[in-house]
Amino acid sequence: SLSKLQLKTGDLDPRLFSRLRHLQKLDLSDNLLDKFPNSLTLPDLRVLNCNNNKLEDVTALKQFPLLEELTYENNVYLTLNDDYKVMFLLQNLRLLNGKDITKLANHVRRVNSRKLTSKVTAHWEKFFRDQLPEKYTAEQVKSIKKKFLKSVQTNVVYGPSSLSEFTRWRVKMIAEEFLAYSLGLELNTDPEPEEKVDENEEESTESPREAAEDVGQVMVTPSKRKRNHSKPASGNKRSKTQANTEDKAEDVSAEPLHFLQCHSKGNSREDFRTQLWSCVFEPLLDCGARKDPIVSSSRTVATCGGESVCLIDCETGTVLKKYKVATEEFFSVAWTTLTMVINDSRKKSHNILAAAGRRGIVKLIHVAADFCYGEIKAHKKPIATVCFSPTRETHLFTASYDKRIALWDIGIPDCDYNFKASQLLVLEARSIPLRIALVPTCPDQYLLAGCEDSCFAWNIKLDKEQKSRPFEAIFQFPDEDGSMTTSHRVDGLAFLNDDVIVSKSSKPGCIYLWSWSRSFDAKGKGCQRTVPAVILAELEWSTTDLSYLTLSTCPAKDYVFCGDEKGSVWMYNLSNYITAWSSAKGKRSEKRIPPTQILKWPELRANTEELTEVLINNVVSDPTFTYLVVLTSVNITAIWKKS
């Protein structure tokens, strides 16, 4: 054991190590190693632990051919591509980072190699064989070798784009072996180090059992909420409680089902700091999303926060899937359903999840297959939110801190998960877009965005020439003194029905309902025009000036939901008002509309300490308002069920 000794690569002296002929187990964890020297030898090494180092490359591990168990977790520069490299290089490897990889490694060494070899050979036959004269000089061979290696690495693709670096590495190796065999060219056995794709991440998907082991469930006791500043500790089993709800005219009667701690950094039970930001219910398919037995609605929801994205069964509280990227902080998730041909060459609908965040990269996950099949490097700055078009299933909008909203066509992956993404449009914003919404009556024509300093609308029609577009309208809202202003942060935005928009201005803390058709005249001339929002009503809400506590709607049930800074969920049933608003002369409701009900945050105890200072970042119901998923600032996902 040479663990925790601050060792650097230069401290591993080959003269010493090469004398350890019978060493079988070596622990180099918790050091500062950035690579392995090539000549450590260690001919009998079977078990190697290099967790928590700074390793950038794994190819030097091929010097340990008898290695059976290898762990290198928490080396942030190693990626999924490196996992595949060691599986190929180490023929006896059984366990990688604690997981049995025998089956996958056999696939990598045999099937993957066979397919790549046939593609490399075909590439030579088609494009290069005829370029070489019957009698060739060494110079001609050198030139054609250089061209062939460059061309084959660029053009031979196989498998998902997330493994493109591994594929290029193998293709180069196979191409050099092919040339050595067929042309008698010398084989470069010590190639230059591969150019690293700048990913700096470690991706993993976990099985339901592994994911379930990460979930802390927190004890709930149904007493009154107290304010104290005790430190939270890790969670025990939960018990059910009725919520403390305010007595309103209508009691929605929801009860808390589960309080889950499933986004912890490094799976720590002590993590009550990770912020949870976004959740979306999975679309219903014939197979895939779990149906609620009573209502025909999905009960599986995707949530994101910190380094992970989770898929949760709301009824049982089971974390069905978990996807992690060690260097990411996820801010937004969105679903689409693509008709794909996977194994049996029949077309079938599959749900695809897009997840994005601080690194400006969109991850595309085929959830049923437990597989992140690709990524789009969409922006150089963080992505605040993403959403799919309801009419064009491959069209994805990404709104970024670079003050742009981009429209992408993510394409449809083929049976090997190859796909081609392209950018169709860039919408220029004056400030950071926080929330986006497509207009339900014309989702291919207009997009709204709530931004750091205002609310804007863009024309997104694709038959227009302009690829980069300024906003078409900026909306004015009442200021604190009653005058109209465009200057305010809009951190909540959603449609309640085809016409009524619900938007939240963080200062003053108020929620407006306003009419799209009466505010925006589609025939209006001129770009960047200022338009007063035609306000229909204002909702009574918290007096906080805290930002980014966002709202959502349940159009089928005419509900609006918004959490506050005290852990409460404000629920508004607006069905009695909607008919009046829809008439042409519908007047503004003069009084603020109070919430139908407020769900109070129950007293949660983690061990014996109480969880306090809870902000509700997001609240989302399924389309039938059976489940309510509440995301907090303290790494707790709360799931309520309407009883």
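The following exercises, each with a worked solution, concern selected residues of a predicted model.

Residues are numbered from 1 along each chain as its sequence is written, and side-chain values use heavy atoms, without hydrogens or water. Local features need pLDDT of at least 70, side-chain atom pairs count only at pLDDT 80 or more, and totals for chains, interfaces and linings use all residues.

**Exercise 1.** Determine whether Asp 44 is buried, partly exposed or exposed.

*Solution.* Locate the residue: Asp 44 lies in the loop between strand 1 (25-27) and strand 2 (47-49). Strands (E, at least two residues) and helices (H or I, at least four) are DSSP runs, numbered from the N terminus. Next, apply the cut-offs: buried means under 20% relative accessible area, exposed over 50%, and partly exposed in between (1.4 Å probe, protein chains only). Asp 44 is therefore buried, because its relative accessibility is 16%.

**Exercise 2.** Identify the buried residues of helix 2.

*Solution.* Helix 2 spans residues 80-89, and nine of its ten residues are buried. These are Asn 81, Asp 82, Asp 83, Tyr 84, Lys 85, Val 86, Met 87, Phe 88 and Leu 89. At the start of helix 2, the backbone nitrogen of Asn 81 has a side-chain oxygen of Thr 79 within 3.1 Å.

**Exercise 3.** Classify Lys 403 by its accessibility.

*Solution.* Begin with its place: Lys 403 is in the loop between strand 19 (395-400) and strand 20 (404-409). Then consider the backbone: phi of Lys 403 is near 65°, a positive value in a residue other than glycine. Finally, the relative accessible area is 40%, so Lys 403 is partly exposed.

Definitions and conventions
Polar contact = N/O pair within 3.5 Å; in protein donor to acceptor, adjacent residues only side chain to side chain.
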